[in-house]
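The following note is intended for a colleague who is meeting this structure for the first time.

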4 protein chains.
Amino acid sequence: MKKRKVCVVVTARPSYSRVKTALTAIERHPDLELQLVVTGSAVLDRFGDASEFIQKDFPIAAKVYMVVEGENLVTSAKTAGLGLVELSTVFDNLRPDLVVTIADRYETLATATAAAFMNIPLVHIQGGEVSGSIDEKVRHAITKLADLHLVSTKRAAERVIRMGENPKAVFVTGCPSIDLADMALKEPQLNFDPFKKYGGVGTDFNHSDKYIVVMQHPVTTEVSNAQCHIMETLYSVTSIGLPTFWFWPNVDAGSDATSGGIRSFRETERSLSQNLHFFKNMLPDDFLKLLINSQCLIGNSSVGIRECSYLGVPVVNIGSRQEGRERGANVIDSSYEREEIAAAIRKQTDCDRPSQDKLYGDGKAGPQIAEILARAPLTIEKRLTF
Amino acid sequence: MKKRKVCVVVTARPSYSRVKTALTAIERHPDLELQLVVTGSAVLDRFGDASEFIQKDFPIAAKVYMVVEGENLVTSAKTAGLGLVELSTVFDNLRPDLVVTIADRYETLATATAAAFMNIPLVHIQGGEVSGSIDEKVRHAITKLADLHLVSTKRAAERVIRMGENPKAVFVTGCPSIDLADMALKEPQLNFDPFKKYGGVGTDFNHSDKYIVVMQHPVTTEVSNAQCHIMETLYSVTSIGLPTFWFWPNVDAGSDATSGGIRSFRETERSLSQNLHFFKNMLPDDFLKLLINSQCLIGNSSVGIRECSYLGVPVVNIGSRQEGRERGANVIDSSYEREEIAAAIRKQTDCDRPSQDKLYGDGKAGPQIAEILARAPLTIEKRLTF
Amino acid sequence: MKKRKVCVVVTARPSYSRVKTALTAIERHPDLELQLVVTGSAVLDRFGDASEFIQKDFPIAAKVYMVVEGENLVTSAKTAGLGLVELSTVFDNLRPDLVVTIADRYETLATATAAAFMNIPLVHIQGGEVSGSIDEKVRHAITKLADLHLVSTKRAAERVIRMGENPKAVFVTGCPSIDLADMALKEPQLNFDPFKKYGGVGTDFNHSDKYIVVMQHPVTTEVSNAQCHIMETLYSVTSIGLPTFWFWPNVDAGSDATSGGIRSFRETERSLSQNLHFFKNMLPDDFLKLLINSQCLIGNSSVGIRECSYLGVPVVNIGSRQEGRERGANVIDSSYEREEIAAAIRKQTDCDRPSQDKLYGDGKAGPQIAEILARAPLTIEKRLTF
Amino acid sequence: MKKRKVCVVVTARPSYSRVKTALTAIERHPDLELQLVVTGSAVLDRFGDASEFIQKDFPIAAKVYMVVEGENLVTSAKTAGLGLVELSTVFDNLRPDLVVTIADRYETLATATAAAFMNIPLVHIQGGEVSGSIDEKVRHAITKLADLHLVSTKRAAERVIRMGENPKAVFVTGCPSIDLADMALKEPQLNFDPFKKYGGVGTDFNHSDKYIVVMQHPVTTEVSNAQCHIMETLYSVTSIGLPTFWFWPNVDAGSDATSGGIRSFRETERSLSQNLHFFKNMLPDDFLKLLINSQCLIGNSSVGIRECSYLGVPVVNIGSRQEGRERGANVIDSSYEREEIAAAIRKQTDCDRPSQDKLYGDGKAGPQIAEILARAPLTIEKRLTF
């Protein structure tokens, strides 16, 4: 039997870490051949060029520049358009048997559209979830373009089926990000120096003490408030007095405002900034260990909802970005108000650690995904089931 | 109250005629301002540059070239990509309050994506239907990007709601194409000479005699068979011995093959081609009158399913393109086999005329659509209802 | 020594035949590796997909769709823009040591710009000539982007040097199209049946009788007159009464008008069209033999100026397209007026054959080009010499 | 007489200040109508969104996003390609009688190509100069696409004419940037607080003391050394011990490396960075006053060659970027070596001020340019003069 060529398109650093175990399982599977395409912010210096460390893990079949600069709504649309132009060339060259797209960032719709229009069976990982902002529309639109759905939770599978997809094309594999979390939990100690290894800017505090982690992205439907929102978080976090690892935002409409807010805070609030250190990115495994040893994760990253539920890390989830996502007992939700955020952080850092929750998977998603990609019947024809 | 700016994007001749009464109603509505964008094959000479006659009806706010030549699957994707790049500029200039996209041609996904990514409320006309090929995926993906759904039938409304859309955002307006059909029925006589008015190539037969009409497009998921399919239709139709008005296909993956098949048939089967006359396009009202006075419509155009049910015109619907669409008693389905097609044509031309069926509307869709566009609450935030 | 990778970009059928002997010589050269990119109208069915026969001669490294449909001035610019986007990806993948661009069609500026911006040494074949329309600007602009100039005539070399290029980077190789002409002259008999081999539409006359050949393209700065111009030629040629091989125009602003003129003439002037047969394209060698055995070539193709001077074929050159090009004694120039054209055709078909003229080369350009590509120092830095 | 519509395309902050007096003169001219298009890095936050202050001076007819992120050679080419796609739409909408492009940044070739392909007369400001890197190729390629040449110096006029341009289409207007310099010289005192007005990062030193100014961009043909080059400059400048106003680089291949070098220096050499303050941009007039009151300008900006010769400001010009440009007595050239740079700075800060040099104009370029645009015959047809 000829190996199935599986083309996985990674458009951002977090998506990569989220599917890494699936990539490994695909690469190792005797009936599959991996074609890894890296694009979007994952090839940009400004966002910590992820392609540099990805290529240490897997050969990269194509590296694609698709981001039209401007970081506003117009350039989001143009970026997706340029991505569609570019990815169709890539697929035409690679001739994959399957294209895999991950989650719901706006540019993943370019991957899905290119595959669907070129009659290549499309696999969607992490469909069926519910959230805020444009991601919600993108995610379900991809579901309607996809031929195979590999979802994280039972509820997600139910939703995909209720939307009219054939139940035989829907598989609950769990989220492969939980596989990494599972591996990290087996050797949880912080066995590296974050400042030496990752540089970044700000204070090099003692990371064996208690610390917190912040990762907050702009919400694309609330762009005009992005700077204001990050300011609230900056003031609340610095009011706690704990050393803090802070991550720059993803490239997105509004990320200039978020980054600008951080830069301005650093300049104007020098003493408050004493406890902060800013990183562009971190290897997935290192980041998970950083979380495991932290007092709390603050922000609106999906890591707080997903990996942290499995890791048992307390989370303060801010604003609307994760609205609608299923969550475990480790999460406290907060508005954008600095007082409410600060209160939630205090609550989380005072309490006992939450217990492990297998809501998003049992740590074996990668191999299950590879097996399904190797065995599932391939088709590009589908109909609403009702 | 400020008028709502309604930007309607027309990407093909048939889409235009399908929404013309809605455009008229929008233009006349005191609370709406029409911004008409014409693009796709509707601005190309090769497909009978529709923008030329459209601008006699309405001012065109922007004319956009987006078709990347090649008419294969790769260029379909590139066309949508270029469309997304171009339409985002257009929307940025026009700053509409609402964007309206029609039906399910592949390039309409570019319209929908541009609007959704730019946080402009998106209205989808003709969602919730079921059909074959890539249209199926595109239609439902647009549903998931759209904020307001103006559907043609009750079943369509049910489907959109079952996919998780808010019932308050779903309206059964009927299809505006039926409005035109209704107007044409009021003065049904063929009051023009098709050959003089539209030129085209082939025989100028006596059009007051009995005649048939053919309109067959390539099916994007069956591109490799497009030439073969049209050949079967050519042989079956010419075996009937009736004068025939034949329309060239839409620009689409495969249309070169369809056109090539027709050209080759004309050269090699000169005597069989005696009864055929080929047209690029016709004004909507003229086309409807041509249908009303015909014995039968043959092919795979949605006109056969929609307008012809209201007009009571017998139809032989060939192949998979309209699979899944609700149909009236006027339709006989056929495979691509020439014998089966010929038998169906004979059956349709021998029988009594079918009676009118209001399945797709009652002829008042246009004004209803305009009224909804003026009154419906505008939002870009939505969630699955389950 | 590592082989130099030479990427040649072919954007149209005529450019291919013009460099074929150079491609062969590059492929055979021990120090060179050929990377052939086929794009522009050379990959489009509508213009007789040249890539199909090219790939029988050479492996194609990349096939690129870049033509934005519309065939007007706006889409010319967009086509070049899309070509630039696409070719930069191609060069990034192929990593050539040299990029070769041919002549002066508008889309060749995309090749030149991509190479120059990516710091890849650029070789220009056929610079330094003078002509009408946008080609003039494109040709000299490419000269200013190019690092190595392989020109056809001594006058061309002088012009390139006078424009400020380093004389050491300018080589008179002759035009490789003359190599093919030289080969065709060695076995000049028409050893194939044009109708059987190439199909086309129109009358299958007796091609062993006297016949003429027509090839007329629209002039991009005279687009609005393209249909009118072709009409004059159609009436003058058909007035002569000789069987005629007629070639469809290149894809260009105005080619729809030219094609439309031909189609309309065929429909309305059926008896005048009796002597005409229309072809999309022909293998270069077959085309040269067709010319050798013809009474006369009519139109505005550069083949009339170049190959026909070497072949000694009489030519009626119409209009401004070849204005400024050096020409041999075989050419009579004519305005677009049908009477003047007809008079010139009669003069050419009555006279003795002109003698061979080596103005554009001696038939050994291909190997000379390959040798220069292998030996010339590679640089991307240059300065005006004054 | 109908006013001539003059479309000026500005792609970067420095280009804007360079033509500002011409824009004013065009706007005021009774026979001209200004259509100002702002694009490239001039619309990007990251480079100090110039469109924000431009729109205070002139109405902006179109704002275009064309920068594909990545800042490497591939994305330079893609940026020009996207620019060509976008600008052709803009010109199609604005229908200018003339398009004006300025100088030689790589993306200006997109402006020139769009205009030339669309048969719009193209005016080139600042052709005929000689310099290093890709600018050299771009500048002369634009000359060959342009119909009217408005140059800064007599030598430039001679070069343009020697390249084969019609002498009647070449005008020595001087550089409009000198007009601003002339105005600034009339009120030379530093009448604003740079730190309050422009923010930026770094030390707020006493700007009434002696200070120096640095502006150094990456050289596109030496991208791999960009970080190394800026490091040498950083060490040499900080060795002098004078307070320093330092400007971030233009968006260009290599600017990430330059910015990264600066960021890294600031983090690792905190004490050396004490005397530095970093700015994104400054209003042209403020910038000129900053220069007039400085001890010396260091880097490779063309401002050092042009404006500073008129202002009589000493300049240390580093590396190859301005190679070939005519220069006054105010300039000392230096290699990239830190010792050589430091020696040159010391020499310049020790000597007497150089006297004014009118090499690049007499301060009246703007009105002259407007007058020529209003009076020159418009044509798109040209031929080499030899």
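1. Chain A and chain B bury about 4,300 Å² between them, and 66% of this lies on carbon and sulfur atoms. Buried area is the accessible area (1.4 Å probe) that two parts lose on being put together, summed over both. On the side of chain A, F117(A), K137(A) and F386(A) lose the most area to chain B, together 20% of what that side buries. The contact (heavy atoms within 4.5 Å) draws 49 residues from chain A and 49 residues from chain B.

2. The model is predicted: local features need pLDDT of at least 70 and side-chain atom pairs count only at pLDDT 80 or more, while totals for chains, interfaces and linings use all residues. Residues are numbered from 1 along each chain as its sequence is written, chains are lettered from A and ligands numbered from 1 in the order in which they are written, and side-chain values use heavy atoms, with hydrogens and water left out.

3. Four salt bridges are counted between chain A and chain B, a salt bridge being a side-chain nitrogen of Lys or Arg within 4 Å of a carboxyl oxygen of Asp or Glu. In one salt bridge, the side chain of K137(A) meets that of D147(B) at 2.8 Å, N to O.

4. Across the interface of chain A and chain B, 18 residue pairs are in polar contact, both residues at pLDDT 80 or more. Such a contact is a pair of N or O atoms within 3.5 Å; within protein, one must be able to donate a hydrogen and the other to accept it, and residues adjacent in sequence count only if both atoms are side-chain atoms. Helix α3(A) gives the most to the side of chain A that touches chain B, with 13 residues. Helices (H or I, at least four residues) and strands (E, at least two) are DSSP runs, numbered from the N terminus.

5. Between chain B and chain D the buried area is about 470 Å², with 45% from carbon and sulfur atoms. Five residues of chain B are in contact with five residues of chain D.

6. Chain D holds an open sheet of seven strands with mixed pairing, in the order β8-β11-β10-β9-β12-β13-β14; two strands pair if DSSP finds at least two bridges between them. Strands β13(D) and β14(D) pair in the parallel sense over four bridges, and I318(D) stands opposite S334(D) in β14(D).
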